[in-house]
Amino acid sequence: MIRLNDVVKDYENGTHALRGITMTIQDGEFVFLVGPSGSGKSTIIKLLTGEILASSGQIAVNGFNLMRISDRQIPLLRRSIGVIFQDFRLIEKKTVYENLSFAMRAVGASPRLIRGRIPYVLELVGLSDKANQYPHELSGGEQQRVAIARALVNNPSTIIADEPTGNLDPARSLEIMRLLDRINELGTTVVVVTHERDLVNRFHKRVILLEDGLVSGDGVGYDAK
């Protein structure tokens with residue numbers, strides 16, 4: 001579960017990024033987080049992953065109190081969250097299999113677990129035949145599928161996707177969103193940050209609308225209030 005209660009974030013440069021955000025995302029939900037540039041979407045992602053701290057308020061993510069979390073708990077928090085970025089962030093000199101293996105070794109997974117988990121995840125994202133290829137040999141849509149596989153490979157309870165279709169054409173964007181929907185159907189909580197109104201409205205999902213550091217809408221569809 002993700003819970004924010006009256007969360008404020010002020011940056012040292014004077015920017016008031018969040019002005020009192022309150023929201024709850026239940027385990028197993030699929031939620032779009034939308035809003036114009038500067039509305040606070042990126043700040044929320046950084047708060048949820050422990051990259052930055054809130055100025056005030058309460059934040060709980062998957063059982064961790066992020067206002068009191070210790071340095072040694074941060075890796076445990078991040079194991080429970082898989083993050084997908086717009087720019088893929090794959091290691092160019094490693095194959096698809098090696099990119100996923102690297103992510104698993106980073107959290108101490110055994111060789112046996114790695115050998116068993118990676119083929120399953122690659123099949124889930126439709127890349128079983130791409131394990132030995134390098135990122136530059138893949139299309140943009142395939143690279144984003146590798147990024148999704150990397151986010152899934154350590155079996156997180158929550159996936160946060162930050163503009164996952166920002167570098168893709170409409171057809172590939174729809175494919176990626178359908179894949180995230182399927183992952184959600186398997187039980188993983190999915191939070192998608194996006195500005196693509198038409199894409200959001202193709203899915204009958206909860207939409208949280210941010211404007212000027214506040215929640216201005218929470219319902220089904222981009223224009224929900």
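Before we set off, a word on terms: helices here are DSSP runs (H or I) of at least four residues, numbered from the N terminus. Keep in mind, too, that this is a predicted model.

**Stop one: helix H1.** Select residues 41-48, which make up H1. To see them, pick out Lys41, Thr43, Ile44, Ile45, Leu47 and Leu48. Now step just past the end of H1 to Gly50, where phi is positive, at about 75 degrees.

Rolling a probe the size of a water molecule over the atoms shows where empty space is left. In this structure there is one cavity of 30 Å³ or more, and about 30 Å³ of space lies in the largest cavity. Which residues line the largest cavity? Select Met23, Ile25, Val31, Leu33, Ile44, Leu48, Val191 and Ile208 and you have its lining. Strand S2, strand S3 (30-34) and helix H1 each give at least two residues to that lining.

**Stop three: Gly20.** Stay with strand S2, residues 16-25, and click on Gly20, which lies in it. Leaving out residues up to four places away in sequence, Gly20 touches Asp6, Val7, Val8, Gly213 and Leu214. Try the distance tool on Gly20 and Asn5: they are 15 residues apart in sequence, and their C-alpha atoms are 7.6 Å apart in space.

**Stop four: the cores.** Next, colour Phe32, Ile148 and Leu180. These are the residues with the most contacts inside the largest nonpolar core, which has 43 residues. Zoom in on Leu180: setting aside neighbours within four places in sequence, its contacts are Phe30, Ile84, Ile148, Ala161, Pro164, Val190 and Val192. Another core lies apart from the largest one; it has 28 residues, including Ala54, Ile59, Phe64 and Val191.

**Stop five: rings.** Show the side chains of Phe30, Phe32 and Phe203, which form one aromatic cluster. Then hop over to Phe85. What lies over the face of its ring? Arg89 does, at 3.8 Å from the ring centre.

**Stop six: Gln133.** Look for Gln133 in the loop that runs between helix H4 (111-124) and helix H5 (140-152). Gln133 counts as partly exposed because its relative accessible area is 23%, which falls between the 20% and 50% cut-offs. Beyond residues up to four places away in sequence, Gln133 touches Thr95, Val96 and Leu138. Glu98 is 35 residues from Gln133 in sequence, with 9.7 Å between the two C-alpha atoms.

Most residues other than glycine have a negative phi. Asn155 has a positive one, near 55 degrees, and Glu163 also has a positive phi, near 50 degrees. You'll find Asn155 in the loop between H5 and strand S7 (158-162), and Glu163 in the loop between S7 and helix H6 (170-185). Are they buried or exposed? Asn155 has 57% relative accessibility, so it counts as exposed, the cut-off being over 50%. Glu163 is buried because its relative accessible area is 11%, under the 20% limit.

Conventions: Residues numbered from 1 in each chain as written. Predicted model: local features only at pLDDT ≥ 70, side-chain atom pairs only at ≥ 80, totals over all residues. Heavy atoms only, no water. Contact = heavy atoms within 4.5 Å. Buried < 20%, exposed > 50% of the residue type's maximum accessible area, 1.4 Å probe, protein only. Core = buried A, V, L, I, M, F, W, Y, C linked by side-chain atoms within 4.5 Å. Phe/Tyr/Trp six-rings, centres within 6.5 Å; stacked < 30°, edge-to-face > 60°. Lys NZ or Arg CZ within 6 Å of the ring centre and 35° of its normal. 1 Å grid on protein atoms, 1.4 Å probe; cavity = no way out; pocket = protein on both sides within 12 Å on 5 of 7 lines; lining within 4 Å. Points joined across faces, edges and corners; volume = space filled by probe spheres on them.
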